[in-house]
Amino acid sequence: MPEGTAFSVCPHDCPSACAVDVELRADGRIGTVRGARDLPYTAGVVCAKVARYAERVHHPGRLATPLRRAGPKGSGRFEPVSWDAALDEIAARLVETARRDGPAAVWPYHYAGTMGLVQRESLNRLRHVMGWSRQHYTICSSIVEAGWRAGVGHKFGPHPTEIAESDLVVVWGANPVHTQVNLMHHIARARKERGAQLVVVDPYRTPTAAQADLHVMPRPGTDGALAVAMMHVLFADDLVDRAYLARYADDPDRLAAHVADRPPAWAAPITGLSVDAIVAFARLYGATKRSMIRVGYGFARSRNGAAAAHAVTCLPTLTGAWAHKGGGATYSYTDLYKLDRRMIDGNDRLDRRVRILDQSRIGPVLTGDRRDLGDGPPVKALVIQNTNPLAVAPDTGLVRRGFLREDLFTVVHEQFMTETAALADLVLPATTFLEHDDLYISLGHSHLQIGPRAIAPFAEARPNQEVVNALAARLGADHPGFAMSAWEAIDWTLRASGYGDAEDLRARRWLDCQPEFERAHFLTGFGHADGRFRFAPDWAALGPDHAAMPALPDHLANTDEADARRPYRLVTAPSRNYLNTSFTETPTSQAREGRPTAKIHPDDCAALGLVADGRVRIGNDKGSVVVAVEPFDGLQRGIVIVEGIWPNAAFEEGMGINLLVSADPAPPNGGAVFHDTAVWLRPA
Ligand SMILES: Nc1nc2c(c(=O)[nH]1)N[C@H]1C(S)=C(S)[C@@H](COP(=O)(O)OP(=O)(O)OC[C@H]3O[C@@H](n4cnc5c(=O)[nH]c(N)nc54)[C@H](O)[C@@H]3O)O[C@H]1N2
Ligand SMILES: Nc1nc2c(c(=O)[nH]1)N[C@H]1C(S)=C(S)[C@@H](COP(=O)(O)OP(=O)(O)OC[C@H]3O[C@@H](n4cnc5c(=O)[nH]c(N)nc54)[C@H](O)[C@@H]3O)O[C@H]1N2
Ligand code: SF4
Ligand SMILES: [Mo]
């Protein structure tokens, strides 16, 4: 590979999908990774962990060869095998499983460890062609997505770079200093150039909240109540845009009547906020037309998260902010990309009659819960790419029990020996984004980008696409996509979708898919048949579990509330230097994060006899974990924050924070409730 600079796209599961410039060194290694200057959203910014990607891609712990388990499950003993031997064995076991128990007994399980469409989705092609069990994607966005679609309909909106032209930015249930650093760049511009105010709604003083003009600090799982009380104030103070409502909303009069008996005094005890704080926030919001709400994922990771997300999106509709430059709300843009994905995910072979299993309920699924399996067979084989469920999935005690089943055959294709890979029968080494080609959409902005391979694959590592194709050949799976390299699949997809071809995109790097202002701001209509924003959503259209959903925006009291036995509420928020479990292997990230730590109010510490740097045991009916104590006054009493999805091995007793998190699905369409857990605390 020549010295110089290669370009690519950060593949990690992050709204930013940064366009990156990668320094290439003569020895075949990479130097610094920088944000591309010319893509206005990236604007030359990347997060620190990706800037030092050399630590990850050239890490001594990268998996180098296929490995076969050589001791009991969990022993960690493996022996190297050839690719051919590994693939032959996998194919034989999968054929045997399907013959004995039916194809639904095989469950390909993947997620967004890479967001590149080809390497992320190619496993679906094999799944669909083979008739293996389907996957309901619920671990990240299904809750907030239901809430957003309920009112707005379309999954796009005002462009996030418009934040620079806002007078008020509300970051609601997100922590972009950790999770979406580029957003902070655009917020900083608005503050500098326009004197814009920043409001952060978060149960604890995150680094984002610490920068805010106003930090609104509700109890977790109460945003619906906060938003509804704000609506009460907006109507009462006549801060609503009646002309806008008449034209663009379904039934504002019904909403006004509904919120009339939900004043701030109603929301105060639910949220733990004062009446004055709610009124002040509502008046600030109502007084500003150019107000942009970043609708985060975080506040929706509760059983009532979809109702809360819907309630928050009602606010810019009431003030008519959507109609203004720099106004409205920003969430996700994936409806903008009109891609023909047949050659990538084989959706031409999708059969909706095949059983679908909930990703977030992998614990119950693997331990035979009939609510998940229906009358189908137990899962007997897992093929895993791009995810680390042993650490990231709810109820990891059950997940672990499932993976230890002697009758379960597990293949994990990974870059590192994660805790999930450590429980596999066969482990396959995977390339990183720098070692393969891919095509990227972005969750948090509107650009379609290409990321060509920049360096040679490490050791024997292979891309997901190649592994899927090699298995397909052995399984006799028939689909034209199995004959395509990643580059060919990209090329076919772009051509079929009317986006030129792969070489065009390589020359341009990215294509902006953002529609014109009128459409992006829904002046041509929201995403429903009548073009109107819905205060009264059609929840039945958004998920099967809709009976509990409120007819109009409301506080849904279905969370795991604190009680006498479990008086605290746990929020498991993301850390800055880890990205889910990625980067937990890099020394700089490890050094910066230290160890798993609970932020607890100083008065709670005093009452419990907890001291700084001491240890606390956090538990509920599922078990308990021990972490370090950090007395912290940036949260309400009764709330506990543990940042980061640490490897289980970082905890004294070998099980991580998700041991405590429930696998209950959030209505109406499922979703993991990572920030909705009642716990007890005691000194350890
Ligand atoms: N550094 C880093 N970056 C990441 C990730 C990471 O792990 N680390 N993860 C990536 C992924 S997969 C995703 S989906 C995004 C997620 O990014 P975000 O949208 O930021 O969502 P969360 O990560 O869940 O949590 C964000 C904030 O929500 C707050 N929160 C929790 N419960 C509530 C509540 O009830 N109400 C309110 N108002 N706030 C609440 C938490 O305290 C936290 O500060 O980030 C991506 N980027
Ligand atoms: N407690 C708690 N738990 C959470 C969350 C939380 O906020 N709190 N957030 C949740 C959210 S939002 C999400 S999205 C999930 C994410 O959970 P995961 O999907 O498991 O996310 P990652 O840890 O980023 O990683 C995935 C793995 O993919 C591997 N990988 C990366 N690229 C490739 C590739 O090209 N090929 C192959 N074969 N492997 C690759 C990486 O090495 C990494 O081990 O976690 C969830 N879990
Ligand atoms: S993790 Fe997010 S912020 Fe960091 S480089 Fe990747 S896309 Fe950009
Ligand atoms: Mo996520």
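Mentor: A polar contact is a pair of N or O atoms within 3.5 Å. Keep in mind that this model is predicted.

Trainee: What makes Y578 a polar contact of ligand 1?

Mentor: A nitrogen atom of ligand 1 lies 2.6 Å from a polar backbone atom of Y578. The cut-off is 3.5 Å, so the pair counts. Taken alone, ligand 1 exposes 910 Å², and the protein buries 97% of that.

Trainee: What kinds of residue make up the shell around ligand 1?

Mentor: That shell has 15 nonpolar, 11 polar and 6 charged residues. Among the 32 residues around ligand 1, D202, D223, R301, P574 and Y578 come nearest.

Trainee: And how many charged residues does the shell around ligand 3 have?

Mentor: None; the classes there are 9 nonpolar and 2 polar. The surrounding residues include C10, C14, C18 and C47.

Trainee: Now R52. Why is R52 called buried?

Mentor: Its relative accessibility is 16%. Buried means under 20%, so R52 counts as buried. R52 sits in the loop between α1 (48-51) and α2 (54-57).

Trainee: How do you know that R52 and S589 make a polar contact?

Mentor: Their side chains are joined at 3.0 Å, and the cut-off is 3.5 Å.

Methods:
Residues numbered from 1 in each chain as written. Chains lettered and ligands numbered in written order. Predicted model: local features only at pLDDT ≥ 70, side-chain atom pairs only at ≥ 80, totals over all residues. Heavy atoms only, no water. Near = heavy atom within 4 Å. Nonpolar A, V, L, I, M, F, W, Y, C, P; charged D, E, K, R; others polar. Polar contact = N/O pair within 3.5 Å; in protein donor to acceptor, adjacent residues only side chain to side chain. Areas by Shrake-Rupley, 256 points an atom, 1.4 Å probe, with all protein chains shown as cover. Helix = DSSP H or I, 4+ residues; strand = E, 2+ residues; numbered from the N terminus. Buried < 20%, exposed > 50% of the residue type's maximum accessible area, 1.4 Å probe, protein only.
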